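Q: I'm new to reading protein structures. Can you walk me through this one?

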Number of protein chains: 2
Amino acid sequence: VSPLWLINGIRQDRVDADDRGLAYGDGLFETMAVREGVVRFFERHMARLELGCRRLSLPAPDRALIAAEIRSVRGGCPRGTVKLIMTRGRGPRGYAPPEHAEPLRILSFEPQPEPSQHGPLRVMVCKTLASTNPSLAGLKTLNRLDSVLASAEWRAEGYDEGLMLDTDGHLVGGTKSNIFLVYGHHLLTPRLDRGGICGVMRGAVLAAAAAVGIEAEEARLSPADLGQAEELFATNALWGVRAITHCAQRGLPTGPVTRQLAAAVRGLGLEVNRC
Amino acid sequence: VSPLWLINGIRQDRVDADDRGLAYGDGLFETMAVREGVVRFFERHMARLELGCRRLSLPAPDRALIAAEIRSVRGGCPRGTVKLIMTRGRGPRGYAPPEHAEPLRILSFEPQPEPSQHGPLRVMVCKTLASTNPSLAGLKTLNRLDSVLASAEWRAEGYDEGLMLDTDGHLVGGTKSNIFLVYGHHLLTPRLDRGGICGVMRGAVLAAAAAVGIEAEEARLSPADLGQAEELFATNALWGVRAITHCAQRGLPTGPVTRQLAAAVRGLGLEVNRC
């Protein structure tokens, strides 16, 4: 299915070659699930985008405008994936942002008629490291070559996803997901102050865990910690919670905490903002 | 002066919105000086691009084709700046590179009628850190948000350039240049195995230093080392060698080693490949 495009509110699918998103990855993006005619966790996606805009000194987009444009691009289709790219817009050669930047909004929508079955994941630990930079950590910027190279690794090896470490050997997350380690009734997930992306579903799972009384903590974790975990799961906006049943040559069950949290977030994020 | 564009050999200035260069910064670039009708250090630029292509598993572009396209885009103009962006081309949503990628070549040329006078530089040390990733270190990829944010810093403070450190506090280089520290007749420059870009002019200066008997070494350097240096200079493909005469509140002279190396590289890189 080839997606539909809406760029700065206009039906078009090309951008200027001097856009800084292309030249320097000078921008941010969000990938959002449309379910039952609703953009799931729309407010959480917009909050992360707005945080990224502040960190990059970009003007934040108007939520109502984005909601209206999503309605336009999905044209009544109740199910699919919306991707929003926001760049600093055009600029002359040179890294320094232009004084009067005019940001670009690129919306695309891929309809997905049938619900997909997200089975358990087989993951490997990738050789490609996650880029470390506290100034960009947590943000979903357009600088994603680390995930690109790591994704080529797990795909070549026949896995479903790959885990990435930083230069200090600490776990950062999956190439397109966040990861959680379960010890008893305790949840651990990598601290993302040096690299990685703070996923919207990661935030929803942490909130859901708090709501059902599961203790959760962000921590510096190493590959050895994976071997100690009783359950492992990965999250992203399109999957929700997915059990990891194979990690670094080790088989794991889909455990009770994973099931509980998968169920806890299943219906969430659909209550507001009919985009 | 607005530049001329040539995209995959065709005069156009727009790219598809699903290009992976825009989506993920999945690509590389080169900025080359045209002087006296010649692309200066063309072979060095192509060698770095080809190294980047190997590291990113992109097919390397044909040097003769790039040379011919540069001739076309500059149209006989003897002086200016050529920028070549190479991306992995279009692809569906998802980090993993498509099996049959068709890379995109984006060439632009900005004529520059008059030689610019590159005076000495005033530099500050930026708060924004350089991204650390051994898999990408040295390459001129499209993931340049660290340099973008650091450039906003030095420009806001009224400097000419900013120096960047990595997460371990080691010097990486300028936002758009490589740096050299002179101690007596000895040259030091940051080792770029964890971050930064191995500049073409950096390579030319190291070769020129060897040729004139100046000992040079790549090393882990800290901001304290800047304070100890007798001379500092910065290099890039457009500047050549530029003395740093103000760094972190300290004034420095334009010293003899800087002058010698500036003179040594001045005429270099123009002997081959009339693009």
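Q: Which strands does helix H3 of chain A lie across, and at about what angle does H3 run to E6(A)?

A: A word on the source: this is a predicted model, where local features need pLDDT of at least 70, side-chain atom pairs count only at pLDDT 80 or more, and totals for chains, interfaces and linings use all residues. Residues are numbered from 1 along each chain as its sequence is written, chains are lettered from A and ligands numbered from 1 in written order, and side-chain values use heavy atoms, leaving out hydrogens and water. Now, helices (H or I, at least four residues) and strands (E, at least two) are DSSP runs, numbered from the N terminus. Helix H3 (residues 63–74) of chain A lies across E1, E3 (27–35), E4, E5 (80–87) and E6, at about 40° to E6(A). Axes are lines fitted to C-alpha atoms, for helices over the stretch in contact (heavy atoms within 4.5 Å), and angles run from 0 to 180 degrees between N-to-C directions.

Q: In what order do the five strands of the open sheet in chain A come?

A: Strands of a sheet pair through backbone hydrogen bonds, either parallel or antiparallel. Here the order is E1-E6-E5-E3-E4 in chain A, with antiparallel pairing; two strands pair if DSSP finds at least two bridges between them. E1 (4–7) and E4 (38–39) of chain A are the edge strands, each pairing on one side only. Four bridges join E1(A) to E6 (residues 104–111) of chain A, and Trp5(A) stands opposite Ser108(A) in E6(A).

Q: What rotation superposes chain A on chain B?

A: Two copies of a chain are related by a rotation about an axis and a shift along it. For chains A and B it's 180° with 0.0 Å of shift (RMSD 0.0 Å), fitted by least squares on C-alpha atoms of residues with pLDDT of at least 70 in both. That is the relation of a two-fold axis.
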